[in-house]
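Good morning, colleagues. Please have the sequence and the model open while I speak. I shall take the helix contacts, the chain interface and some backbone details in turn.

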Amino acid sequence: MFMGVLRKGVRVEGHVGLSIGGFLREEIGMDAEYIESRIQTIFLNGRPVDDVEAAVIGDGDALALSASMPGLAGATLRKGGHFAGLRSTISYREEGSAKRSGKGVVTIKLFNLIAKELAPLFFERGFIMDGEDFSGVLHSHHETLSAGLRSVEIDGQAEDMEKLEITDWDPKEVFLRVRMNESSVGHRRGNV
Amino acid sequence: MDKILRIDVGAEGGPKARVTPVGEYAGLGGRAMTSGMVYNEVPPSCHPLGEDNKLVIAPGLLSGSAAAMSGRISVGCKSPLTGGIKEANAGGQPAQVLARLGYAAIVMEGKPKDDTLYKVFINKDGVKITKANEYKMLGNYDLIDKIKEEYGDKVACISIGQAGEMKMLASSIACTDMEMRPTRHAGRGGVGAVMGSKHIKVIVLDDTGTKMRQPKDPGKFKAANKEWVDGLKKNPTTGQGLPAFGTNVLTNIINEAGGYPAYNFTTGRFKGCEAISGETEVEIEKARGGLATHGCHRGCVIQCSGIYNDKDGNYLTKQPEYETVWAHGGNCGINDLDAIAMLDRLDDDYGLDTIEMGATIGVVMEAGLAEFGDAKAAVELVHEVGKGSPLGRILGSGAAVAGKAFGVERVPVVKGQAMPAYDPRAVQGIGVTYATSTMGADHTAGYAVATNIMKVGGNVDPLSPEGQIVLSRNLQITTAAIDSLGTCLFVAFAIMDQPETFQALLDMCNAFLGTNLTADDVTELGKSILKKEREFNMKAGLTSKQDRLPDYFKKESLEPHNITFQVKDEDLDQVFNW
């Protein structure tokens with residue numbers, strides 16, 4: 001039910017100024033082998049990336065992750081692929097990065113097989129999403145949530161499902177974390 | 001496949017069938033057969049709808065056998081849309097059935113004496129051609145329903161809808177799928193108009209009583225086929241991505257790359273793409289009891305198609321592919337998958353190329369005939385085509401004609417054929433293929449991404465302009481070869497990644513045909529096909545001057561990367577300079 005949100009992009013806080021590979025391993029907790037073999041298509045701010053260890057991620061950047069894709073275009077967009085030259089004019093190039101090291105927020109979009117496979121990792125770590133999107137999920141998946149939620153916390157307080165649904169989330173950012181047997185929801189930026 | 005069926009539609013007393021030995025065309029299949037016959041037998045200067053043009057339908061070299069993924073069928077002629085040679089291919093059942101019946105090709109030639117419409121029935125006992133005026137102006141779905149009543153649901157059909165009968169430049173030829181629905185189309189280049197000009201509405205193929213084609217070396221063939229299937233299944237693209245999401249999985253990716261041509265190629269991103277993405281499409285299909293993983297013909301192991309049901313759970317159309325979803329979706333500003341699925345259904349029924357129709361509607365939306373995003377208007381415009389109204393005749397003539405009729409400068413065509421779903425300003429190497437392909441703008445012309453395995457053309461720096469030219473050339477060569485085997489182009493991803501899978505394909509071909517083909521031989525086959533196609537086009541008046549993208553691609557920058565098409569004309573002229 002959150003797949004659409006993951007495709008649109010969620011925001012994560014972490015240490016930036018690292019390479020993409022470093023960020024995904026150290027800040028998100030991905031396995032190096034998974035990054036190398038499974039994530040075949042990566043975009044940094046809409047530009048296809050060829051070297052995840054050279055491209056540096058900064059505060060406010062958008063990172064999109066995908067498995068290998070069909071079509072010549074799919075092959076062309078692969079990281080470091082034989083056909084990368086066919087899209088050389090839009091490829092990401094790291095040119096003496098001015099991106100500062102420190103805390104930052106990065107938008108991450110997860111597509112296709114990658115979304116399914118990495119969703120548990122992101123739920124466990126937690127991410128920030130628009131309140132409007134959160135409300136949309138709550139209302140369109142009411143029955144599934146009612147059946148699956150064991151407990152709810154909002155800003156550290158135990159609440160019930162009804163409270164989750166009647167709260168006006170729209171103008172807010174929501175930090176969402178889901179655990180195997182409990183869920184935790186916190187308002188962002190001092191809204192509540 | 002040792003014989004060719006020739007149908008002289010201009011014979012006295014009505015069309016006459018003549019079966020000849022395969023002769024000089026022995027060993028050719030698919031595109032090698034269609035382009036070879038058109039090159040040899042069709043005067044390049046002829047009118048595409050006149051008596052001298054021929055429509056050639058050929059299964060691939062491996063079709064009709066147990067070889068996995070061997071169900072593509074090629075259709076060739078002089079194209080009424082581009083004015084050059086054309087090979088359009090499709091999936092579905094006909095390739096397998098036609099090959100089991102022993103035909104290497106069906107050729108329709110001559111000019112009908114009157115306006116009588118005919119059907120052709122082919123089974124193991126021979127060929128029967130009968131009048132079929134009762135089928136006049138039937139859509140493909142109604143036509144196939146009538147064929148089922150007469151011949152049952154085990155036959156395979158090749159047919160045209162109203163657009164083909166009206167000889168529209170955007171018309172397609174339909175092939176029935178495993179459920180005997182007319183959902184697989186040889187879409188490009190107006191091949192349906194050529195079949196319409198021959199007054200053949202439908203070819204019914206019945207392989208009852210025939211056997212699967214047998215390999216020369218059954219043991220080696222069986223082993224190679226197993227290796228081949230294993231390779232396809234273990235590859236992440238052919239074994240996981242395509243079966244799970246279909247080709248429309250590309251929507252989010254191409255959009256993210258800024259190469260998704262939206263609103264008639266005015267921007268590289270579409271805000272409504274999530275609503276029409278492959279992931280969303282699959283969620284809808286599953287929720288409505290459709291299918292998200294399905295093959296278009298027997299023997300397909302990739303299963304990239306599906307079944308799209310309407311809101312009430314009733315069949316509407318097959319899973320609309322990426323190109324269709326883009327053409328009728330983002331290109332027209334439409335973010336409603338149900339409307340796009342309806343447009344796909346209508347295109348299949350009237351017998352229209354979805355890429356050409358979506359591009360055409362995008363052009364006339366820019367002209368103000370309808371608002372971008374107006375799905376209802378788009379549906380009505382396709383109905384105009386099906387009715388053959390004066391407006392429909394213009395729209396059914398494709399984007400180039402519609403652009404001229406409505407005074408639009410931004411018309412995304414090469415050699416009169418609409419561009420598919422990748423903006424050449426973002427992925428410039430694909431623009432090289434759009435510009436130089438013998439087929440007009442065509443995403444499948446340079447598709448077989450196995451040049452690294454085949455080592456075609458030596459090593460070049462892919463980041464240099466020369467590298468883009470060489471890569472495009474090599475892609476076109478390997479694609480021409482793959483098109484001749486009758487294998488689905490999607491196998492390209494497995495053979496690109498896995499040398500052993502490419503070798504399995506070669507081993508399978510050799511075991512089946514009793515040959516000793518090497519990668520070099522396959523390359524030479526591709527080159528020979530392209531040389532003939534290129535020569536035909538030159539004689540038909542399509543020179544290097546037509547190997548260009550429309551001017552606006554060099555002048556209008558595309559968001560979000562704000563980039564124009566930068567490959568120089570003199571570099572484009574080097575593609576066929578090998």
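Predicted model: local features only at pLDDT ≥ 70, side-chain atom pairs only at ≥ 80, totals over all residues.

In helix α1(B), the residues B:R31, B:A32, B:S35, B:G36, B:V38 and B:Y39 meet a group in α21(B), namely B:L525, B:I529, B:L530, B:K532, B:E533, B:E535 and B:F536. Sorted by class, this contact of α1(B) with α21(B) comprises 7 nonpolar, 2 polar and 4 charged residues. As for geometry, α1 covers residues 30-41 of chain B and α21 covers residues 519-540 of chain B. Their axes come within 10 Å and cross at roughly 35°. The crossing of α1(B) past α21(B) is left-handed.

Helix α12 of chain B, residues 354-366, and helix α13 of chain B, residues 375-387, have axes that come within 11 Å and cross at roughly 115°. Here α12(B) and α13(B) form a right-handed crossing. On the α12(B) side the contact is made by B:M357, B:I361, B:V364 and B:M365, and on the α13(B) side by B:A378, B:L381, B:V382 and B:V385. What classes do the residues of the contact of α12(B) with α13(B) divide into? There are 8 nonpolar residues, with no polar and no charged ones.

I turn now to the interface. Chain B contributes 45 residues to the contact, and chain A contributes 34 residues. Between them the two chains, B and A, bury about 3400 Å², with 66% of that on carbon and sulfur atoms. Which three residues supply more than any other three of the area that chain B buries against chain A? They are B:I253, B:E256 and B:H561, which together supply 19% of that area.

On the polar side of the account, 9 residue pairs are in polar contact between chain B and chain A, both residues being at pLDDT 80 or more. Several helices of chain B each supply at least two residues of the side that touches chain A, among them α8 (250-256), α9 (278-287) and α18 (465-485). The helix that gives the most to that side is α7(B), with 7 residues. By class, the side of chain B that touches chain A has 23 nonpolar, 14 polar and 8 charged residues.

Next, the salt bridges. The rule finds 3 salt bridges across the interface of chain B and chain A. In one salt bridge, the side chains of A:R7 and B:E274 meet at 2.8 Å, N to O. Over all chains, a search of the whole structure finds 44 salt bridges. The A:R7 and B:E274 pair crosses between chains, from helix α1 (residues 3-8) of chain A to the loop between α8 and α9 of chain B.

I close with two backbone details. Where does B:P560 have its place? It is in the loop between α22 (552-555) and α23 (569-572) of chain B. The peptide bond that joins B:E559 and B:P560 is cis, with omega at about 5°. In chain A, the residue A:N45 has a positive phi of about 50°, although it is not a glycine. A:N45 is found in the loop between β2 (41-44) and β3 (47-48) of chain A.

How values were computed:
Residues numbered from 1 in each chain as written. Chains lettered and ligands numbered in written order. Heavy atoms only, no water. Axes fitted to C-alpha atoms, helices over the stretch in contact; angles between N-to-C directions. Helix = DSSP H or I, 4+ residues; strand = E, 2+ residues; numbered from the N terminus. Left-handed = near helix turned anticlockwise from the far one by under 90°. Contact = heavy atoms within 4.5 Å. Nonpolar A, V, L, I, M, F, W, Y, C, P; charged D, E, K, R; others polar. Buried area = accessible area lost by both parts, 1.4 Å probe. Salt bridge = Lys/Arg side-chain N within 4 Å of Asp/Glu carboxyl O. Polar contact = N/O pair within 3.5 Å; in protein donor to acceptor, adjacent residues only side chain to side chain.
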